[in-house]
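I set out to record two things here.

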Amino acid sequence: MRKVIIILFSNYPLQLYILTFSRYHFPKGERIEMKTQLENIYSSAKADIENAKSINDIDEIRLKYLSRKGEFNSIKKGLKDLSDEDKRIVGALANQITQDLEALLKEKHDLFYQKELNEKLQKDRIDITLSGKYIPQGKAHLLTSTTNEIVSIFQNLGFSVISPELSPEVETEYYNFDMLNVPKDHPARDVQDTFYVKGMPGVVLRSQTSGAQIHVMENQKPPIKVVAPGRVYRNENINARKNNFFHQIEGLYIDKDITFGDLKGVLNEFIRLYFGAARPTRFRSSFFPFTEPSAELDVQCIMCHGEGCRICGGTGWLEILGCGMVDVNVLNGVGIDPDVYSGFAFGMGVERLAMLKYAVDDIRLFFNNDKRFLEQF
Ligand code: DAH
């Protein structure tokens, strides 16, 4: 008996030897049997733990041996049939074995946990030297962003944007020409310059945004301080500089005591804000039927700074826009008293301004929708 116990216990921690030998003097049948059972379960649990391969295995072993329905518990239930002394001895052994198993399970669990964590960290490692994913992003067309930029400059100078119904693209000759003081025989009215809508006499695709001036003056009393961005159409042969539609921004400022000085102040400020720095400008005398006096605003060439280059055609100046004091005939036409009110107007081409600022050398690039071009802005 003694030999058997020693062999059986040879795997056991020291405490168990002590327990075992101290109990040796009381070999009672029941107690011995339960001890043997406990020890057998301990050995098999220990073997299971040694063979475990994962946290999952460990969890299963814990369930198998230590859960309420596990093997230890069913044995512990038998304790109640033992004498008080045996209960104490076998109970202590059962508790000891439970504790030892818990410790072994925890040790193995921690080992696997660390191992699995390391593997996961290794696998999920982020290579911060890899280049990022390209996420294509849409953006405004260069013409849209240029229009927005110009409009917001004028908004900051106190202009508001005209509502679209006062600025139609399909227009009558009345607004596109007549009310703008354009003579009946003016060459701009020629079908070679202006698109007429088939079957609708007197209806045109507007050739300029200036008609919006008339609409707004018919609908609003001064003071009027507006800009009107929009598309215009002209019967042109298409080339690098001309397209049969393009975009303009019209401006109109009517109030008491508005002078050519106000015009110069506003437009010089516009140039400074649009090109990013104050630049030499010149107001060159010109002619438009709806303004008197009329001028064209030139800015010193932004490429050659006045030296003369291909962009400015050797002149050192770039033509930016047309402008002038609103003609008395125009004011009378819309019922604004020219003795009380005066004002200035201006009109500029959006494509031209974008071409100058971004060094675009062909107007057709705006309309081909070639992504290689559009993505640059
Ligand atoms: N409408 C003119 C054009 O298309 C530009 C223009 C010139 C507009 C003078 C104006 C202005 O308002 O005062 O060429």
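A backbone N or O atom of alanine 345 lies 3.2 Å from a ligand oxygen atom. I noted that the ligand taken alone exposes 360 Å², of which the protein buries 89%; accessible areas follow the Shrake-Rupley method with a 1.4 Å probe.

I recorded the basis of these values. The model is predicted: local features need pLDDT of at least 70 and side-chain atom pairs pLDDT 80 or more, while totals for chains, interfaces and linings use all residues. Residues are numbered from 1 along each chain as its sequence is written, and side-chain values use heavy atoms, without hydrogens and water.

I then turned to side chains. An N or O atom in the side chain of glutamate 250 is 2.6 Å from an oxygen atom of the ligand. For glutamine 213, a polar side-chain atom lies 3.1 Å from a ligand oxygen atom.

I next examined helix packing, with helices taken as DSSP runs (H or I, at least four residues). Helix 10 (residues 260-275) and helix 12 (residues 350-358) pack at about 50°, their axes 11 Å apart; axes are lines fitted to C-alpha atoms over the stretch in contact, and angles run from 0 to 180 degrees between N-to-C directions. Helix 10 is therefore oblique to helix 12 (under 35 degrees is roughly parallel, over 145 roughly antiparallel, 65 to 115 roughly perpendicular, the rest oblique). In the contact (heavy atoms within 4.5 Å), helix 10 contributes Phe270, Tyr274 and Phe275, and helix 12 contributes Leu353, Ala354, Leu356, Lys357 and Tyr358.

Methods:
Polar contact = N/O pair within 3.5 Å; in protein donor to acceptor, adjacent residues only side chain to side chain. Helix = DSSP H or I, 4+ residues; strand = E, 2+ residues; numbered from the N terminus.
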